[in-house]
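Let's look at this structure together, one question at a time. Take a moment to explore it before reading on.

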Amino acid sequence: MEKITILWADDEIDLLKPHILFLTEKGYDVTTATNGRDALDLVQKKEYDIIFLDENMPGLSGLETLMQIKNIRAEIPVVMITKSEAEEIMEQAIGSKIADYLIKPVNPNQILLSIKKNLDNKRLISEKTNQNYQQEFRQIGMTLGDKLSWPEWVDVYKKLVYWEIELEKSQDLGMYDILTMQKSEANQQFSKFVENNYLNWLKNPDSAPLLSHHLMRKKVFPLVDQSEEPVYLMLIDNLRYDQWKVIQPILLELFKTVDEDLYCSILPTATQYARNSIFAGMMPSEIEKRFPNLWSNDDEEGGKNLHEEEFLADQLQRLRKTYKFSYTKVTNIDGGKNLVEQIPNLYQNKLNVIVYNFVDMLSHARTDMQVIRELAEDEKAYRSITKSWLEHSPLLDALKRIAERPCKVVITTDHGTIRVKEASKLIGDRNTNTNLRYKQGKNLNYEKRDVLEIKNPADAFLPRNNVSSAYVFVKGDKFFAYPNNFNYYVNFYKDTFQHGGISTEEMIIPVMTLQSKV
């Protein structure tokens with residue numbers, strides 16, 4: 001392992017020989033300079049891992065030397081050492097992006113701590129993170145062998161997401177691979193859990209987790225009823241819990257958390273079914289029966305989510321909620337900008353529903369566009385691009401304007417998405433729908449071990465296209481592929497993000513209640 005190289009510039013460097021000897025004995029390579037000019041010459045000739053810089057030197061001052069070092073090698077951490085505790089000097093140094101600030105006299109251990117904090121920080125955190133996950137790995141593994149309830153599954157999934165985000169910062173890719181294997185095992189067990197319980201949940205709502213069609217009734221309307229201030233429901237299409245966790249810190253600069261929860265998407269975990277159910281407050285077959293002219297089946301032309309506002313108005317009327325509400329759907333950048341302008345007008349409503357489609361568009365583009373495929377090649381990149389999008393989107397501008405006045409905001413989604421890795425063969429006729437995670441049709445032929453099959457759609461409150469229609473939902477990280485051109489489709493769709501089937505990522509999804517800080 002190469003020695004860490006240190007440059008130490010101080011006009012009283014002779015007085016610091018004990019410190020330099022201490023660092024040399026610790027295995028560091030220390031070069032010294034007595035003034036700013038010499039320090040700059042050395043920086044131009046050689047790369048250093050860290051620089052210690054005296055603030056009060058003759059000729060070029062420490063601050064002047066610092067600014068020129070940053071022009072030469074901005075990435076080198078610089079530690080400012082000074083006799084002065086003047087606030088102005090501290091502020092100038094901090095503004096010039098110093099890595100640390102020490103007050104003379106310094107002892108060797110202070111120097112050593114500063115080196116470790118700036119150079120060994122990532123390694124030390126990585127080692128500690130890996131050690132902690134190894135302990136948690138065994139605990140999660142034992143838990144997965146138990147017969148878990150819905151709240152216990154939520155707890156397991158939260159832990160897996162926490163460790164996924166923590167381990168992605170680690171330099172140990174082997175530990176991240178172990179987590180990936182544990183996630184896959186969790187999804188296998190979760191699929192069995194859903195297979196064993198889903199139809200019973202629909203028959204016995206009192207023993208079921210919170211499902212899509214009860215979201216408004218259980219989470220949103222009570223908030224509106226109790227609040228004297230406006231309530232905003234912000235539904236970001238296709239937002240996974242891990243994506244929520246990386247954008248949460250941005251939003252907590254504007255709002256404080258009132259409630260953090262996870263609920264369960266209905267099957268199929270697809271926008272057409274899950275989001276219509278949210279706003280109608282009914283399961284898909286019930287929507288089709290009540291609104292035969294508004295519901296569109298998979299095999300019909302046209303948009304499948306064009307009547308959400310009518311469904312919401314009907315649900316409010318059925319529940320005798322008479323308050324004034326608005327509904328806004330944003331599907332492009334211009335719509336986002338228009339939303340920002342409309343925020344002041346929305347404050348007069350008791351309930352404002354905003355559907356933001358960007359994340360869903362991103363996931364579909366992830367399949368179809370090579371550029372997006374490269375930008376979001378895995379979960380880490382998918383989270384990163386979601387965070388970057390929010391930071392530069394009109395949605396954040398809208399949320400900033402919303403936060404200027406007293407209000408509550410519910411941020412949620414209709415379903416998540418999963419990166420698919422393995423194909424499962426399926427045969428269907430030409431009227432079978434195209435979704436890769438669920439299929440609806442007649443005479444379907446499939447690998448039974450890979451799917452949850454619903455032979456009678458009425459059992460799952462799903463529309464039936466014809467007398468012999470059935471639904472199948474693929475489990476875990478698999479996706480459906482037809483035997484014809486099988487290898488082509490496997491290569492094309494492998495590692496893309498899809499939704500519609502059964503996985504923790506698609507079904508265990510966030511519903512968060514925030515309050516403005518004003």
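**Salt bridges and a helix pair**

The side chains of Asp414 and Arg275 form a salt bridge at 3.7 Å, N to O; the term stands for a side-chain nitrogen of Lys or Arg within 4 Å of a carboxyl oxygen of Asp or Glu. This is a predicted model, where local features need pLDDT of at least 70 and side-chain atom pairs count only at pLDDT 80 or more, while totals for chains, interfaces and linings use all residues. Residues are numbered from 1 along each chain as its sequence is written, and side-chain values use heavy atoms, with hydrogens and water left out.

Q: How many residues apart in sequence are the parts that Asp414 and Arg275 tie together?
A: Helices (H or I, at least four residues) and strands (E, at least two) are DSSP runs, numbered from the N terminus. Asp414 sits in the loop between S10 and strand S11 (418–419), and Arg275 sits in helix H10 (residues 271–280), so the parts they tie together are separated in sequence by 139 residues.

Q: Are Asp414 and Arg275 buried or exposed?
A: Buried means under 20% relative accessible area, exposed over 50%, and partly exposed in between (1.4 Å probe, protein chains only). By that rule, Asp414 and Arg275 are both buried.

Q: Which residue meets Arg383 in a salt bridge?
A: Arg383 lies in helix H16 (residues 379–391), and its partner is 219 residues apart from it, in helix H6 (residues 150–167). Both residues of this pair are buried. The N to O distance is 3.5 Å, and the partner is Glu164.

Q: Where is Glu229, the salt-bridge partner of Lys408?
A: The side chains of Lys408 and Glu229 meet at 3.3 Å, N to O, and both residues are buried. Lys408 is in strand S10 (residues 408–412), 179 residues apart from Glu229, which is in the loop between helix H8 (215–226) and strand S6 (231–236).

Q: At roughly what angle do the axes of H6 and helix H9 cross?
A: Axes are lines fitted to C-alpha atoms, for helices over the stretch in contact, and angles run from 0 to 180 degrees between N-to-C directions. The axes of H6 and H9 (residues 241–251) come within 10 Å, and they cross at roughly 55°.
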